[in-house]
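Dear colleague,

Please read it with the model open beside you.

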Amino acid sequence: MYIAIEGIDTAGKSTQISELKKIYPDAVITKEPGATEVGKEIRNIVLSARAKSKKAEFLLFLADRAEHIKEVVKPNLENMIISDRSAISGVAYALIQGKIDEKELVSLNDFATDKIYPNKVFLLKLTKEELEFRLSQKKLDGIELRGVEYLLSIQESIITAAKLLNIKLIEVDATKSIKEITDEIIESI
Ligand SMILES: Nc1ncnc2c1ncn2[C@@H]1O[C@H](COP(=O)(O)OP(=O)(O)O)[C@@H](O)[C@H]1O
Ligand SMILES: Cc1cn([C@H]2C[C@H](O)[C@@H](COP(=O)(O)OP(=O)(O)O)O2)c(=O)[nH]c1=O
């Protein structure tokens with residue numbers, strides 16, 4: 001089973017993944033962007049937000065995803081795979097940029113992934129107040145510096161992206177305690 005955890009920055013994705021790692025010690029734990037050797041280099045470029053072209057940025061994430069599917073996901077489809085982000089992030093962030101139409105977003109992702117998508121995705125959903133608090137506690141990268149309203153619009157866009165990609169999305173209240181969230185996720189797995 002291929003599972004992904006989605007949510008905007010600071011929603012608690014990596015926290016939940018490290019909890020799930022304890023519960024499923026044999027699971028393949030992975031992430032987008034940057035799980036592979038090439039992906040690490042792509043990650044450095046995109047997170048610095050240096051690309052002037054939004055299309056270039058989108059294609060870099062897509063290249064990372066293609067490598068991730070080939071190197072990490074495909075060889076492990078018989079195992080439990082738990083990923084920090086997925087194609088849903090790719091579509092959600094790109095929808096907000098508005099440079100590529102919905103159909104094209106889906107077909108480009110189909111091309112990159114050979115239509116291998118997570119079986120189930122959990123969206124850790126934050127309130128504006130909690131997001132503001134968590135961002136204030138953190139050194140921000142280039143994308144996070146785009147602001148609170150931007151990130152909240154991405155959170156909505158994640159729901160649209162899951163529908164477009166036809167992926168089952170389970171919304172979880174990310175303001176709950178770490179343990180409550182983990183329990184909810186395990187219950188649904
Ligand atoms: N359920 C929670 N309640 C309160 N704080 C949390 C919770 N989950 C994570 N955090 C804190 O929020 C911050 C961002 O969490 P993190 O897991 O790094 O998010 P992400 O990987 O989604 O960016 C960290 O300081 C983390 O300790
Ligand atoms: C996978 C993906 C991520 N992103 C963005 C979301 C995040 O801001 C960033 C990835 O950062 P991430 O690894 O989630 O960072 P953090 O550990 O700080 O939460 O890239 C896209 O814009 N498109 C994509 O396709």
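A residue counts as near a molecule if its C-beta atom, placed from the backbone, lies within 6 Å of it. By that rule 14 residues surround ligand 1, and the closest are Thr10, Gly12, Lys13, Ser14 and Thr15. Please keep in mind that this is a predicted model, in which local features need pLDDT of at least 70 and side-chain atom pairs count only at pLDDT 80 or more, while totals for chains, interfaces and linings use all residues. Residues are numbered from 1 along each chain as its sequence is written, and chains are lettered from A and ligands numbered from 1 in the order in which they are written.

Helices (H or I, at least four residues) and strands (E, at least two) are DSSP runs, numbered from the N terminus. Helices α1 (13-23) and α8 (178-188) each supply at least two residues of the shell around ligand 1, and α1 gives the most, with three.

Turning to the strands, β1 (residues 2-6) has five of its five residues buried, where buried means that 20 or more other C-beta atoms lie within 10 Å of the residue's own, all placed from the backbone. In a regular strand the side chains alternate between the two faces of the sheet. In β1 both faces are covered, with Tyr2, Ala4 and Glu6 on one side and Ile3 and Ile5 on the other. Strands pair if DSSP finds at least two bridges between them, and β1 pairs in the parallel sense with β3 (residues 81-84) over four bridges, and likewise with β4 (residues 120-125) over four bridges.

Best wishes

Technical notes: Buried ≥ 20, exposed ≤ 12 C-beta atoms within 10 Å, placed from the backbone.
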